[in-house]
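Here is a quick tour of one protein chain, going from overall dimensions down to single side chains. Keep the viewer open as you read.

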Amino acid sequence: MRITGGKLCGRIIKCPDGVIRPAMDRMRESVFAIIGELEGKSFLDLFSGSGTIAIEAVSRGASRVDLCEKDHIKIDTILENVSVTEKELGIKIHCHFMAVELFLKRCRDNFDYIFFDPPFPYRYHAELIATAAKRQLLSPGGIIMVHRPSEHAMPETIETLSRVDQRIYGRSIVDFYTYKQEEMRV
């Protein structure tokens, strides 16, 4: 895997052992092009895997980045990838090693961008987004993105959020949600 844009463009990211389905370069590049400028923004990467999405966000200018991953097999690789990034850019990526569901219940921060990338067999996408909405983890004007397989349908609205965009990448779909009264610039 490689970083597709920003200050670390082209840098290779180490992939952890165990089961992993890394986000395709093409999909990541497209998602970051859609959301645009990240300078000074906050970003949360859930079901982080190798930390690639979080590192991509820092590379593209995000000033505060958190990631969450529960698979203990991936911790060493994530920490290695993150430490190299922190040394190069001087921006700390906050790592949380626990179940995403627990993290969402405990989190007291809010973020401009939240990216969910659960394993494809996972079936609780809408419930996770509902939890984030109820806990107001998304900043006003922010965007929640969820990467899912095409066979798992998602509703148009979840709590106070509406789907404002959807992109298809083969079998993968990324849905974009924001607060109902806001429109996304695409």
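## Overall dimensions

The radius of gyration used here is taken over C-alpha atoms, and the globule rule to hold it against is 2.2 Å times the number of residues to the power 0.38. For 186 residues that rule puts a compact globule near 16 Å, and the protein chain comes in at 15 Å, which agrees. Bear in mind that this is a predicted model.

The C-alpha atoms fill a box of roughly 40 × 35 × 30 Å along the principal axes. Buried residues account for 52% of the 186. The chain exposes about 8,600 Å², with carbon and sulfur atoms supplying 51% of that.

## Layout of the chain

Count the elements and you get 5 helices and 8 strands. Reading from the N terminus, they go α-β-α-β-α-β-α-β-α-β-β-β-β.

Zoom in on Val-31 and, leaving aside residues up to four places away in sequence, you'll find it touching Phe-115, Met-145, Tyr-169, Val-174 and Phe-176.

## Aromatic pairs

The structure holds 4 aromatic pairs. One of them is Phe-32 with Phe-43: the ring centres sit 5.7 Å apart and the planes are at 20 degrees, so the pair is stacked. Since Phe-32 belongs to helix 1 and Phe-43 to strand 1 (residues 42-46), the pair ties together parts that are 11 residues apart in sequence.

Both partners are out of the solvent's way by the under-20% cut-off for buried: Phe-32 is buried at 3% relative accessibility, and Phe-43 is buried at 0%.

## A buried arginine

Back in helix 1, have a look at Arg-28. Is this residue buried or exposed? Its relative accessibility is 1%, so Arg-28 counts as buried. What does its side chain meet? The side chain of Glu-56, through a polar contact of 2.8 Å.

Conventions:
Residues are numbered from 1 along each chain as its sequence is written. This is a predicted model: local features need pLDDT of at least 70, side-chain atom pairs count only at pLDDT 80 or more; totals for chains, interfaces and linings use all residues. Side-chain values use heavy atoms; hydrogens and water are left out. Contact means heavy atoms within 4.5 Å. Helices (H or I, at least four residues) and strands (E, at least two) are DSSP runs, numbered from the N terminus. Buried means under 20% relative accessible area, exposed over 50%, partly exposed in between (1.4 Å probe, protein chains only). A polar contact is a pair of N or O atoms within 3.5 Å; within protein, one must be able to donate a hydrogen and the other to accept it, and residues adjacent in sequence count only if both atoms are side-chain atoms. Rings of Phe, Tyr and Trp (its six-membered ring) pair if their centres lie within 6.5 Å; planes under 30 degrees apart count as stacked, over 60 as edge-to-face and the rest as tilted. Accessible areas come from the Shrake-Rupley method with a 1.4 Å probe; for residues, only the protein chains shown count as cover.
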